[in-house]
Each structure stands twice: as structure tokens, then as C-alpha cells.
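Please read them with the model open.

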Amino acid sequence: MNILLELFVVTFRVLWAFVLAAAKWLVRPKEKSVAGQVCLITGAGSGLGRLFALEFARRRALLVLWDINTQSNEETAGMVRHIYREMAEAAATSRAGEGEKDALPRCDLQVYTYTCDVGKRENVYSTAERVRKEVGEVSVLVNNAGVVSGHHLLECPDELIERTMMVNCHAHFWTTKAFLPKMLEMNHGHIVTVASSLGLFSTAGVEDYCASKFGAVGFHESLSHELKAAEKDGIKTTLVCPYLVDTGMFRGCRIRKEIEPFLPPLKPEYCVKQAMRAILTDQPMICTPRLMYMVTFMKSILPFEAVVCMYRFLGADKCMYPFIAQRKQATNNNEAKNGI
């Protein structure tokens, strides 16, 4: 009898979850504040990582930027400082015009940069220890760093395969293990995994990249369940799975030309704004565009041969081949230039 009662309760909760999800599509939830909280972003020197840094800066978060490229990381920090200065000037004007009582609260905003290779476990742990000593405990962790080798499986050196797995997947373990303990102690924090639509469904020619992103998705989902099982509801998680983003990472990738106008590469700014909305409203997962939800669902229920037919119709079965060819040509040109 008890199990029947529990089954009824579970059924009701499942249906209620659908109702709440539908309500969030119709009524936009209020965004939470991250002002004054320490936000660490990996791969902050360029691409989506840089845009995430600028968005969090506009929301008055205290930024910690990690990247393997010191120069590009400092360039991002310069942009963040410019945003901070503009907000400080606006706040000063507000205090002068309206008086201290009605002005925005003071908040000493700073940005810290660290050169870190997230693919190396020891480097992650040592840099994380420096962050704790020099900045404080991290409240928002954005695992964004990523690489792509751009080779067919049999042409890809083992070292590049290992590098892809280390940066795109294993690094999430190291950064999370470094900062999660304090989050658990405080029952407060937010872990963001920037994965890819290629972590939900795959395509030919980028086996190492797909495997690494599938691994990141699996890690994120398991971690989310672990936090729920531990009843740590104060720690939120958000999985970000965008379609092809026009950052240059997959330059040359093409689907069928008749379909491409309806499914063009995403603008990085749009992708990050959608992700930020999901993060600040504690949305567990965000796929952009929304069509990716349908593609993932169809891939899960259709026979494999049916999926192959759909891929071939869309031109998605070999969409990475032009990209790989460009990477190969660029590599050959560099080798010829260097006399290799």
C-alpha cells in the first residue's frame, strides 16, 4: 500500500514539474544577484570565456580569470576593469545627485588573473590554492575552457587526443574538487559546465571532441544528482549546450547549404546572454537554439539508421570535414614555412 501511495505522490510531482517548467517559459523568473561574489571562469582569455567575464562584471561580480594564454587573459581583465570603472563613475554620479542613502551600495570590485593550464591536475590545484589565499572562496565556478584537435581519428596523434580529454573533461573534475568542499560547507554556490550540443549527439570526424563533451555532460549530470542526494539545495548547477558557435573554433564547418540559413552558427554574444539568463535563474540546463532539445529527443528515440538518414538529409553527417581539411591545410602550411 505504501508503494502505491508513493507512486501516486511521484506521479503528482512529475506532473507538477512539467507545470513549473511550462510556467517558466511563459513567465520569466527573477534573476538572482551575484554582486560581490567571487566568480571563477576558465578559458577566460577569448571566445565565450571572455564574454562570460564581461557579463558577470556588468553584474558586479568579483572576477577570477584563468587561461593558459597570459596576454589574452590580461586583455580580458582590461575590459573587465573598464566596465568596473564605468560602473564606479555611474555610482559616484548617483551618490552626488541623489545622496548616499538612495545610491547604489559600495562594492570594491576587482579582477584577478592567473595563468593556468587546466589540463594539468597539479597546475589546477596549486592555482586554486593561490586563489583561496589571495582572493577568497569561489561562489560561482564556470568551467568553460575547451580545445579541439581537428583531425580524423586515425590521423590524430595520441597526445592531442589526451590533451582534448584533459582540457574538455578531466579539468572539470580538478576544478570542482578544488572549490566544491567550501560550497558544501556553506551550502551555497553555482557550478556551470559549458559543454556543447556535441556532448548530447555526435557527428563524424571529431571523435575525441565528442567523447570529451559527452564526458563533461555525464560528469555534470552525476554531480547534480549527488548534490540533490546530499540535500545541498543551495548549490546550483547549470549545463550549457550550445550549437555551433561562431568563435572560429570550428571555422569551416558546414551543413547542407539549403538548411544553413535556418540553422546558422550562433553569435557568441547571443549564446552567452542565453546562458547567463539560465545561470541567474538557476536553470539546470540550457540548449541553444531550442531546436537542439528536439534533436536530442529524436536521437534518443529513433533507430540508429533513422538518425543516419536525418544526418545525411541535413548534411550533418560530414559537416566537420571542411573544418578538418582547413586545419590540415593550415598545419601543412606551417610545417612548410618552418622547414619541417
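1. A crossing is called right-handed if the near helix is turned clockwise from the far one by less than a right angle. Keep that in mind for both helix pairs below. The model is predicted.

2. Start with helix 4 (residues 121–134) and helix 5. Their axes come within 9 Å and cross at roughly 30 degrees. Angles under 35 degrees count as roughly parallel, so helix 4 and helix 5 are roughly parallel to each other. Their crossing is right-handed. Helix 4 contributes Arg121, Val124, Tyr125, Ala128, Val131 and Arg132 to the contact. Helix 5 contributes Trp174, Thr175, Lys177, Ala178 and Phe179. By class, that contact has 7 nonpolar, 1 polar and 3 charged residues.

3. Now follow helix 5 (residues 158–186) to helix 6 (residues 207–229). The axes come within 8 Å and cross at roughly 15 degrees. That makes helix 5 roughly parallel to helix 6. Helix 5 passes helix 6 in a right-handed crossing. The residues in contact include Leu160, Ile161, His172 and Phe173 of helix 5, and Tyr209, Lys213, Phe219 and Leu223 of helix 6. By class, the contact has 13 nonpolar, 6 polar and 2 charged residues.

4. Look at Thr203, in the loop between strand 5 (189–194) and helix 6. Is Thr203 buried or exposed? Its relative accessible area is 13%. Buried means under 20%, so Thr203 is buried.

5. What does Thr203 touch, not counting residues up to four places away in sequence? Its contacts are Leu198, Cys210, Tyr311, Ala316, Asp317, Cys319 and Met320. For Ala316, the backbone oxygen lies 2.6 Å from a polar atom of the Thr203 side chain.

Methods:
Residues numbered from 1 in each chain as written. Predicted model: local features only at pLDDT ≥ 70, side-chain atom pairs only at ≥ 80, totals over all residues. Heavy atoms only, no water. Axes fitted to C-alpha atoms, helices over the stretch in contact; angles between N-to-C directions. Helix = DSSP H or I, 4+ residues; strand = E, 2+ residues; numbered from the N terminus. Parallel < 35°, antiparallel > 145°, perpendicular 65-115°, else oblique. Contact = heavy atoms within 4.5 Å. Nonpolar A, V, L, I, M, F, W, Y, C, P; charged D, E, K, R; others polar. Buried < 20%, exposed > 50% of the residue type's maximum accessible area, 1.4 Å probe, protein only. Polar contact = N/O pair within 3.5 Å; in protein donor to acceptor, adjacent residues only side chain to side chain.
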